[in-house]
Amino acid sequence: MTATVSKQHGFLQTNGLRLHYVRQGQGPLMLFLHGFPEFWYSWRHQLDHFAAKYTCVALDLRGYNDSDKPSDVNAYRLDVLVEDVRGAIAALGYDRAVLVGHDWGGAIAWAFAYAHPELLESLIVMNIPHPAKFAEGLRHPQQLLRSWYIGAFQLPLLPELLLQAGDYWAIEQMLLGMAVDKSTFSDADLRAYKTAAAKPGALTAMVNYYRALSFSGPQWQPWGILEVPTLLIWGEADAALGKELSLGTEDYVRHLRLRYIPHCSHWVQQERPHQVNTLMDEFLALGP
């Protein structure tokens, strides 16, 4: 069932800054966290679908699109991003949520589930491994080669120059170039992503997520068993993150449902929205 309610734009205060969001529907809270180099728009298909049963809220993460863009690199540490989410749930008037994250948003969602499990009904993560599996993967040459961009994005100035060159050609290539189905992104979609990245301060803020990474920080801690019911969806043709990173996730998540989508890229919720929405519906129907 697809809802016909319109999308409403708004702002909320959390963790000392203002975040932009798009809201659609009524019911329990389903909170969406996007990845790089995206913004709330990457969840457009899910907002339309789940607004029939949920209050769907897709945030612009700090630094992105119309949200505040702190200049300090430390403002993009994972523990700070987790607190943004905690404050957002409260600011929206809820005490629990279904949390949905992809890419960087998924990394935040994993960390949030460990820090605040009491605030979650369930967790849905797409194409980002459990932190322990990612740390393990980075010890292997194949994944290190795929993750070359993480080190490159920690350089000063150069990433911003490369990302904005040629009318943000690199962002177009990340989206369209990595997609298996090239019809996934229309010209209007690509222009929306480029426009968001072109907002003052956005590119540096987006790259600062990588600059703030610490490979000895809390995100690389020994991880316990997560008790939050979790769905992990994985597009198998992800050029940046190998499918093998998902293997063994059950060692860290007690109630895990792992579903693969073949012939689908990293941009799974946009490339296969119907299939992703169906998998989410099936998982959510199981209850906690």
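Student: How many positive and negative side chains does the protein have, and how far apart do the centres of the two sets lie?

Tutor: Lys and Arg count as positive, Asp and Glu as negative, while His and the chain ends are not counted. Each charge is placed at NZ of Lys, CZ of Arg, CG of Asp or CD of Glu. Here there are 23 positive and 29 negative side chains, and the two centres lie 1 Å apart.

Student: What should I know about the model?

Tutor: It is a predicted model, where local features need pLDDT of at least 70, side-chain atom pairs need pLDDT 80 or more, and totals for chains, interfaces and linings use all residues. Residues are numbered from 1 along each chain as its sequence is written, and side-chain values use heavy atoms, without hydrogens and water.

Student: How many helices and strands does the protein have?

Tutor: Both are DSSP runs, numbered from the N terminus: helices are H or I with at least four residues, strands are E with at least two. This protein has 11 helices and eight strands. Its radius of gyration is 17 Å, close to the 19 Å that the globule rule gives for 288 residues, so the protein is as compact as a globular protein of that length. That radius is taken over C-alpha atoms, and the rule is 2.2 Å times the number of residues to the power 0.38.

Student: What percentage of the residues count as buried?

Tutor: Buried means under 20% relative accessible area, exposed over 50%, and partly exposed in between (1.4 Å probe, protein chains only). Of the 288 residues, 56% count as buried.

Student: How many aromatic pairs does a search of the whole structure find?

Tutor: Rings of Phe, Tyr and Trp (its six-membered ring) pair if their centres lie within 6.5 Å; planes under 30 degrees apart are stacked, over 60 edge-to-face, the rest tilted. The search finds 14 pairs. One of them joins Phe-39 and Trp-40, edge-to-face, at 6.1 Å centre to centre and 85° between the planes. Phe-39 is buried at 6% relative accessible area, and Trp-40 is buried at 9%.

Student: Which helices hold Trp-104 and Tyr-210?

Tutor: First, the geometry. Trp-104 and Tyr-210 pair edge-to-face, 5.7 Å centre to centre, with 85° between the planes. Trp-104 lies in helix H3 (residues 104-115) and Tyr-210 in helix H9 (residues 202-211), so the pair ties together parts 106 residues apart in sequence. Trp-104 is buried at 10%, and Tyr-210 is buried at 5%.
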